[in-house]
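Please have the sequence and the model open as we go.

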Amino acid sequence: MTKHEVGTQEEWQAARDELLSEEKELTRRSDELARKRRGLPWVPVESDYSFETADGTRSLAELFDGHSQLLVYHFMFGPDYAAGCPVCSSIADNLDPNAVHLAARDAKLMLVSRAPLEKLHGYRQRMGWSLDWASTVGSDFNRELGFLHTEEELRPFLEGELPPAVVQNAGACGVDAGTYVTEGPGLSAYVLEDGTVYRTYVTTARGLEPAMGYYGLLDRTPVGRNEEGEQVFWLRRHDEYETT
């Protein structure tokens, strides 16, 4: 016998209608935030960033590939990693099929990491993605956006009790926890206008959830995310889940 509240169809519909009103309110609020997000001031990118790509060394402006907008996902794959971060991999799973649709709206979507290009492309082949993936030349690009830290800066965190997810993901990447967490995930957006690249938006942490489609779907299941109290984080690379 279930311990969850059980009701009639009429009781469910009444509760559902009340919830729908709140969901619509949230949608309208989300639309308002999107307008404010687009209204943020643009910041000229003055640093001379370079990236190693399949087409050679390119500047940030050249990454646009003829589009006026650029979305960069900062994928956690440091130079010493043996494989990409499992969480970032799950995000790339969601991003990959959307790139063609974004391109149709004049927006280039791609991945950027600090690992050597050969390692990145080998992992991309394993995962079956088609997204462009560039390797940063130097660390400034991620560092200046707050997506790269030193172990010294993270020492207070590393000296405490590490979350099981950090330990698990570090092991999955073939590095220790300190090396793993110096990298950080993020999304940054740019526009190219009159030959100048402007940074328009940056986010990380739960700001990345729109790129994690599985969470929105889990939020609509009876059990939800069901992560409270888990000692081992459930996310894996898509070729590492046990099949039944």
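This is a predicted model: local features need pLDDT of at least 70, side-chain atom pairs count only at pLDDT 80 or more; totals for chains, interfaces and linings use all residues.

Let me begin with strands β4 and β5, which run parallel and are joined by six bridges. If you look for a particular position along this pairing, you will find L71 standing opposite L109 in β5.

Going back to β5, we can follow its pairing with β6, which is parallel and extends over four bridges, and in which M110 stands opposite D132 in β6. Between these two strands comes a helix, and β5, α4 and β6 together make a right-handed β-α-β unit. Helix α4, residues 117-127, lies across β2 (50-53), β5 (107-113) and β6 (132-136), and runs at about 155° to β6.

How much of β5 is buried? Seven of its seven residues are buried. In a regular strand the side chains alternate between the two faces of the sheet. In β5 both faces are covered, with A107, L109, L111 and S113 buried on one side, and K108, M110 and V112 buried on the other.

Stepping back to the whole sheet, it is open and has eight strands, in the order β1-β8-β7-β4-β5-β6-β2-β3, with mixed pairing. The edge strands are β1 and β3, the latter covering 56-59, and each of them pairs on one side only.

Let me finish with the aromatic residues, of which a search of the whole structure finds 18 pairs. One of these pairs is formed by W42 and Y198, whose rings are tilted, at 5.6 Å centre to centre and 45° between the planes. This pair links distant parts of the chain, 156 residues apart, with W42 in the loop between α1 (9-38) and β1 (43-44) and Y198 in strand β8, residues 196-203. W42 itself is partly exposed, because its relative accessible area is 38%.

Elsewhere, ring pairs link Y73, F75, F77, Y81, Y123, W129, W133 and Y180 into a cluster. Finally, there is a contact of another kind at Y215, where the charged end of R225 sits over the ring, 4.2 Å from its centre.

Definitions and conventions:
Residues are numbered from 1 along each chain as its sequence is written. Side-chain values use heavy atoms; hydrogens and water are left out. Rings of Phe, Tyr and Trp (its six-membered ring) pair if their centres lie within 6.5 Å; planes under 30 degrees apart count as stacked, over 60 as edge-to-face and the rest as tilted. Buried means under 20% relative accessible area, exposed over 50%, partly exposed in between (1.4 Å probe, protein chains only). A charge sits over a ring if NZ of Lys or CZ of Arg is within 6 Å of the ring centre and within 35 degrees of the ring normal. Two strands pair if DSSP finds at least two bridges between them. Contact means heavy atoms within 4.5 Å. Axes are lines fitted to C-alpha atoms, for helices over the stretch in contact, and angles run from 0 to 180 degrees between N-to-C directions. A crossover is right-handed if, with the strands pointing away from the viewer, the path from the first strand over the helix to the second runs clockwise.
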